[in-house]
Amino acid sequence: MEWVELHLRSYFSFLDGASSPEALAEAAARLEMRALAITDHGGLYGSVRFARACGAVGVRAIHGAEIGIGEGDAPRQVLLVRNRKGWANLCRLLSMGGQTRDVGDEVLAQAAIAASMEARGRRPAGRPAKQAA
């Protein structure tokens, strides 16, 4: 059975990750893994280095991030990128989170996500459509 790790932090996740993106890619190649995901806290900090290192050793790089979505001590969610549109969406979400939260806070408020979606003409799940006055 083949294993792909989809929740792995590099040393860019302070106090949670210990290895560089390059070391993670090299370890995956040694273990003959075909793919590996990097999901640092609140950002894509090691993604470019990870992609280059994975490309050099023949491992498919999967990108993502781990963030809290909710209020207060919200549980963290791992968000993975599937394609270019997913990359753009995750970058937008992380950028929006950086504007709506305090430094060091990894929780992205659901209200901020909803406001961003509505500003782009989209309706968040679970929200009724606005009625015309």
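Among contacts in the protein chain between residues at least 6 apart in sequence, what percentage join residues at least 24 apart? The answer is 59%, where contact means heavy atoms within 4.5 Å.

**View 1. The whole chain, shown as a predicted model.**
Residues are numbered from 1 along each chain as its sequence is written, and side-chain values use heavy atoms, with hydrogens and water left out. Because this is a predicted model, local features need pLDDT of at least 70 and side-chain atom pairs count only at pLDDT 80 or more, while totals for chains, interfaces and linings use all residues. The protein chain contains 4 helices and 4 strands, which are DSSP runs numbered from the N terminus (helices are H or I with at least four residues, strands are E with at least two). Read from the N terminus on, these elements follow the order α-β-α-β-β-α-β-α. Of the 133 residues, 35% count as buried, a term that means under 20% relative accessible area, with exposed meaning over 50% and partly exposed lying in between (1.4 Å probe, protein chains only).

**View 2. Confidence along the protein chain.**
The average pLDDT of the protein chain is 79, and 68% of the residues score at least 70; pLDDT is the predictor's confidence in each residue, from 0 to 100. Among the elements, helix H2 has the highest mean value, 96, whereas strand S4 (residues 107-108) has the lowest, 57.

**View 3. Strand S2 and its pairing with strand S1.**
Strand S2 (residues 60-69) is mostly covered, since 7 of its 10 residues are buried. Strand S1 (residues 35-41) pairs with S2 in the parallel sense over 7 bridges, and two strands are said to pair if DSSP finds at least two bridges between them. Ala37 has Ile62 in S2 as its bridge partner. From S1 the chain passes through helix H2 (residues 47-57) to S2 in a right-handed β-α-β crossover, which means that, with the strands pointing away from the viewer, the path from the first strand over the helix to the second runs clockwise.

**View 4. Strand S2 beside strand S3.**
Strand S3 (residues 76-80) and S2 run antiparallel and are joined by 5 bridges.

**View 5. The surroundings of Ser13.**
Ser13 lies in the segment before helix H1 (21-30). Ser13 counts as buried because its relative accessibility is 1%. Leaving aside neighbours within four places in sequence, Ser13 is in contact with Asp40 and His41.
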